[in-house]
Amino acid sequence: MIASPEIRSSVMSYDEPMAKHTSWRVGGPADIYFRPDTVDELITFLAELPPDTAVTWLGLGSNLLVRDGGLRGAVIATHKALSEMERLDTATVRAEAGVPCAKLAKRCAVWEIGPAAFFAGIPGTVGGALAMNAGAFGGETWTAVKTVETIDHQGNTRTRKRDEYDIGYRSASGPGDEWFLAATFVFEPDSGMNPQAIRKLLARRKESQPIGVPSCGSVFRNPPGDHAARLIEAAGLKGFAIGGARVSEKHANFIINEGEATAADIEQLITHVQQRVKSEFRIELVPEVRVVGESA
């Protein structure tokens, strides 16, 4: 149990239901749930955490499936302590890991710098977008990254350059056991970036995706030269359900929780979709979503 005076002002709980914190609204309890108020509290928490304790980082809870048996170790929620964003000069923006991607897009639109509009289509935070090189509307997170700030399991912080990371499609790997605290992006003046352009992209997203129902965003990566949604639809799986989990009728690369789904329902449906598409087209769909925790 962690009880340092330095972190008592933060939110900390034990056996916290992760269904309260994930966009799918499913997931068993986390051993420790910690939402620091400041970076200093985060550093103290990590420094005191036993080194063999598993750590799961949580932004908006999108792109994450927590199994019904819950998570061992500690969950760290970033959305309060790491929520700052600032323009450093005419072209440079620093955004902390807990900043929602849509907020970054909107602020860059006001500043008329970009290309950053695609961030409006990413339903998570900057930290998650960095970890998986998230993308939407043809853009990818690491395109404009100059440096990142990281923290390790002992609470040590560092600044790293972009070229210290190996960046691929929906992947980013770098030095050691470190997690992202913030990123500095370098953009260019872009008169096409304005609040009206962002509103159009958000409207396009609303028309084509099941917004307003529990989901994680896109479930699968697009295979080379094709789209996961097209393959799933061609396999006749639009609307297919297991328990309370259903392939969206609006966008086949979304799985929605109709209200009573378990994490097991969703995981079984992911597996079924993969097997069906492989059987029909000899293509293996790779999940974008992270599946963590223990089965019930």
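## Strands, sheet and pocket

In strand β5, I76 is the bridge partner of F34. The model in which this pairing is found is a predicted one. The pair belongs to a parallel arrangement of β2 and β5 (residues 71-77), which are joined over four bridges. Strand β2 also pairs with β1 (residues 11-17), here in the antiparallel sense and through six bridges. Strand β2 spans residues 29-35, and five of its seven residues are buried, so the strand is largely enclosed by the rest of the structure.

| Strands | Sense | Bridges |
|---|---|---|
| β1 and β2 | antiparallel | six bridges |
| β2 and β5 | parallel | four bridges |
| β11 and β12 | antiparallel | five bridges |

An open sheet is formed by five strands with antiparallel pairing, in the order β6-β7-β15-β11-β12. Its edges are β6 (85-87) and β12 (157-161); each has a single partner strand, so one side of each is left without a neighbour in the sheet. From one strand to the next, the twist averages 20 degrees. Strand β11 covers residues 145-152 and pairs with β12; within this pairing, T150 has R158 of β12 as its bridge partner.

Two helices pack on this sheet. Helix α1 (residues 39-48) touches β11, β12 and β15 (178-186), and its direction makes about 50 degrees with that of β11. Helix α2 (residues 101-111) touches β6, β7 (92-96) and β15, and its direction makes about 20 degrees with that of β6.

How much space lies in the second largest pocket? The volume is about 300 Å³. Its lining consists of 21 residues, and those nearest the centre are S23, P123, R205, I211 and S215. By class, the lining holds 13 nonpolar, six polar and two charged residues.

Finally, I167 is found in strand β13 (residues 166-168). The C-alpha atom of I167 is separated by 30 Å from that of V26, with the two residues 141 residues apart along the chain.

Note on methods. Residues are numbered from 1 along each chain as its sequence is written. This is a predicted model: local features need pLDDT of at least 70, side-chain atom pairs count only at pLDDT 80 or more; totals for chains, interfaces and linings use all residues. Side-chain values use heavy atoms; hydrogens and water are left out. Buried means under 20% relative accessible area, exposed over 50%, partly exposed in between (1.4 Å probe, protein chains only). Two strands pair if DSSP finds at least two bridges between them. On a 1 Å grid over the protein atoms alone, a cavity is a set of points where a 1.4 Å probe fits but cannot get out, and a pocket is an open set with protein on both sides within 12 Å along at least five of seven lines; lining residues have an atom within 4 Å of a point. Grid points are joined across faces, edges and corners, and a volume is the space filled by probe spheres set on the points. Ala, Val, Leu, Ile, Met, Phe, Trp, Tyr, Cys and Pro count as nonpolar, Asp, Glu, Lys and Arg as charged, and the others, Gly among them, as polar. Axes are lines fitted to C-alpha atoms, for helices over the stretch in contact, and angles run from 0 to 180 degrees between N-to-C directions. Contact means heavy atoms within 4.5 Å.
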